[in-house]
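Please look at the sequence and the structure first, then read on.

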Amino acid sequence: MAIAGLTELHAPGRLKDGDVVFTLKVPENSGNRYERWIFRVKPDGQPVFVLAIAPANADGTPGTFKAEEIRQNEYWRNYSSWTNVEWGDLVKKIVDSGIMASEAQLGANYQPGSRFPTNPTNEETNYVIDANGLVTRSAKPATSEDYQKNQQANQALLGTLVNNLANSSGTASTTGGSTTTQKAVRWGLIGLLVVGAVLLISKFTKKKK
């Protein structure tokens with residue numbers, strides 16, 4: 001569906017870190033300006049508004065876009081109540097959804113008005129856009145690489161726990177060595193950890209198939 005004042009609309013589907021979502025033609029006292037929304041995601045998965053703003057040329061087309069700057073979710077909240085633009089309802093839905101980082105969620109490294117601290121990864125995110133421009137959360141399906149990373153992480157954790165318990169059982173205390181009962185308990189715990197890890201890894205392997 002075409003919405004007046006909204007251009008560069010991303011095709012429906014999953015968004016990548018660094019994608020242009022759309023550009024808004026925003027009325028202002030001297031005429032109009034253009035705001036291009038670049039979709040960025042923090043390491044914790046929180047989406048962030050990043051805008052590149054351009055003045056309108058005499059013929060109404062966008063001028064040169066300035067450097068990209070972070071904006072908080074609250075930045076577009078005023079737009080959501082505008083009645084003189086057709087994209088007002090769309091912006092309201094996105095702002096009210098709460099998926100974009102608010103000023104309180106941005107943190108020290110992502111201050112409004114500053115540049116996003118890292119370059120786009122172009123990796124797929126957990127967010128999708130529909131034909132109307134609405135962005136919603138939709139977790140991306142796990143890949144074989146995801147399962148492999150998960151399995152490796154579980155194996156590394158298991159190794160660390162086993163080593164710590166084994167070293168603990170072989171170290172003498174200040175009052176003497178560990179008793180036979182203490183050692184038996186520790187090795188029993190190691191056995192339980194091994195069994196639990198094997199079952200967990202087996203579970204992920206079955207899901208992969």
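## The five-stranded sheet

Five strands make up an open sheet, ordered β1-β3-β4-β5-β6 and paired in the antiparallel sense. Strands (E, at least two residues) and helices (H or I, at least four) are DSSP runs, numbered from the N terminus, and two strands pair if DSSP finds at least two bridges between them. The edges are held by β1 (6–7) and β6 (69–71), each with a single partner strand, so one side of each is left without a neighbour in the sheet. Helix α1 (residues 88–97) packs on this sheet and touches β1, β3, β4 and β5 (47–55). The direction of helix α1 makes about 120° with that of β3. Such angles run from 0 to 180 degrees between N-to-C directions, with axes fitted as lines to C-alpha atoms, for helices over the stretch in contact.

The model is a predicted one: local features need pLDDT of at least 70 and side-chain atom pairs count only at pLDDT 80 or more, while totals for chains, interfaces and linings use all residues. Residues are numbered from 1 along each chain as its sequence is written, and side-chain values use heavy atoms, with hydrogens and water left out.

## Pairing around β4

Strand β3 (residues 20–28) is joined to strand β4 (residues 31–41) by eight bridges, and the two run antiparallel. They form a hairpin with two residues between them. On its other pairing, β4 meets β5 over nine bridges, again in the antiparallel sense. β4 and β5 also form a hairpin, here with five residues between them, and glycine 45 in the turn has a positive phi of about 95°.

| Residue | Partner | Strand of partner |
|---|---|---|
| valine 26 | arginine 33 | β4 |
| isoleucine 129 | valine 135 | β8 |

Eight of the eleven residues of β4 are buried, so this strand is largely enclosed by the rest of the structure. Buried means under 20% relative accessible area, exposed over 50%, and partly exposed in between, with a 1.4 Å probe and protein chains only.

Phenylalanine 22 lies in strand β3. Is phenylalanine 22 buried or exposed? Its relative accessibility is 0%, so phenylalanine 22 counts as buried. Contact means heavy atoms within 4.5 Å. Leaving aside residues up to four places away in sequence, phenylalanine 22 touches Leu6, Thr7, Glu8, Leu9, Glu35, Arg36, Trp37, Trp76, Leu90, Ile94 and Gly133. Leucine 6 is 16 residues from phenylalanine 22 along the chain, and their C-alpha atoms are separated by 6.7 Å.

Asparagine 73 is found in the loop between β6 and α1. With a relative accessible area of 5%, asparagine 73 is buried. Again not counting residues up to four places away in sequence, asparagine 73 touches Phe49, Val95, Gly98, Met100, Ala101 and Ser102.

## The three-stranded sheet

Three strands form another open sheet, in the order β2-β7-β8, with antiparallel pairing. β2 (13–16) and β8 (135–137) are the edge strands, and each pairs on one side only. From one strand to the next, the twist averages 50°. β7 and β8 run antiparallel and are joined by three bridges.

## The largest pocket

A pocket is found on a 1 Å grid over the protein atoms alone, as an open set of points where a 1.4 Å probe fits, with protein on both sides within 12 Å along at least five of seven lines; lining residues have an atom within 4 Å of a point. The largest pocket has a volume of about 310 Å³, the volume being the space filled by probe spheres set on the points, which are joined across faces, edges and corners. Its lining has 17 residues, of which Asp17, Val41, Lys42, Thr121 and Glu123 are the closest to the pocket centre. β4 and β7 (124–129) each supply at least two lining residues, and β7 gives the most, with four. By class, the lining has five nonpolar, six polar and six charged residues. Ala, Val, Leu, Ile, Met, Phe, Trp, Tyr, Cys and Pro count as nonpolar, Asp, Glu, Lys and Arg as charged, and the others, Gly among them, as polar.

## The chain as a whole

The secondary structure comes to four helices and eight strands. Of the 209 residues of the chain, 32% count as buried. Among contacts with a separation of 6 or more, residues 24 or more positions apart account for 53%.
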